[in-house]
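Thank you all for coming; I would like to walk you through one structure, starting with a few charged side chains and ending with a pocket. Please have a look at the sequence and the model before I go on.

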Amino acid sequence: MRLTQHTDYALRVLMQAGLSNGRLIRISDIADTFGISRNHLTKIVHQLGARGYLETVQGRQGGIRLARPPASIVVGRVVRDFEEGFALVECFDRDRCACRIQPACVLKDALGEALESFLAVLDGVTLADLLAPRRTLHTLLTVPEAGRLMNETHGAPPA
């Protein structure tokens, strides 16, 4: 099982936004931190905003921040929202299945069970869990300095 870059980047954006402690952060800062295309991240941020994960503020002083507390953002839900589908093998897609052994195949059920287990584990993980090593994450990620963040009335970075 492998997640798409789209999902990976969505999770990274959420983590970076979670580290900003409610302050607005620019897409360009996230792009610089992870070495990802700003245009690509803009599309992902739009989707995260449309799904209620991020608040987006337009304009020169704009940016993004989490729209809800990190503990309420379930990683399994984010993965489901961003993955196009979970057709691990051909027979998972009924419309395209041309497999001759499908009526007698045991593998499909085993893979289906494994996929459900995979998602069940992710359903037990929240963004707050991903942010638990906050100090280390701040060190590893080039989180913009307070002067580069917008709307600093939302609190200071963690000590």
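This is a predicted model: local features need pLDDT of at least 70, side-chain atom pairs count only at pLDDT 80 or more; totals for chains, interfaces and linings use all residues.

Let me begin with Asp 8, which is partly exposed, with a relative accessible area of 30%, where buried means under 20% relative accessible area, exposed over 50%, and partly exposed in between, for a 1.4 Å probe and protein chains only. Arg 12 is likewise partly exposed, at 25%. The side chains of Asp 8 and Arg 12 meet in a salt bridge, 2.9 Å from N to O, a salt bridge being a side-chain nitrogen of Lys or Arg within 4 Å of a carboxyl oxygen of Asp or Glu. Both residues lie in helix H1, residues 5-19, four residues apart, which is about one turn of the helix.

Residues are numbered from 1 along each chain as its sequence is written, and side-chain values use heavy atoms, with hydrogens and water left out. Helices (H or I, at least four residues) and strands (E, at least two) are DSSP runs, numbered from the N terminus.

In helix H4, residues 75-82, Asp 81 and Arg 77 sit four residues apart, about one turn of the helix, and their side chains form a salt bridge at 3.2 Å, N to O. Asp 81 is partly exposed at 22% relative accessible area, and Arg 77 is partly exposed at 40%.

The side chains of Glu 55 and Arg 65 also meet in a salt bridge, at 3.0 Å, N to O. This pair links distant parts of the chain, with Glu 55 in strand S1 and Arg 65 in strand S2, 10 residues apart. Is Arg 65 buried or exposed? At 11% relative accessibility Arg 65 counts as buried, whereas Glu 55, at 33%, counts as partly exposed.

Now, what about a charged residue without such a partner? Glu 83, in the loop between H4 and helix H5 (107-123), is buried yet has no salt bridge, and the nearest side chain of opposite charge, Arg 2, is 9.0 Å away; here Lys and Arg count as positive and Asp and Glu as negative, while His and the chain ends are not counted. A polar atom of the Glu 83 side chain does, however, lie 2.9 Å from the backbone nitrogen of Thr 4.

Finally, the pocket. On a 1 Å grid over the protein atoms alone, a pocket is an open set of points where a 1.4 Å probe fits, with protein on both sides within 12 Å along at least five of seven lines, and lining residues have an atom within 4 Å of a point. About 300 Å³ of space lies in the largest pocket, and of the 15 residues that line it, the closest to its centre are Ile 27, Arg 38, Val 57, Gln 58 and Gly 63. Helix H2 (27-34), helix H3 (38-50), strand S1 (54-57) and strand S2 (63-66) each supply at least two residues of that lining, and the largest share, four residues, comes from H3.

How values were computed:
Grid points are joined across faces, edges and corners, and a volume is the space filled by probe spheres set on the points. A polar contact is a pair of N or O atoms within 3.5 Å; within protein, one must be able to donate a hydrogen and the other to accept it, and residues adjacent in sequence count only if both atoms are side-chain atoms.
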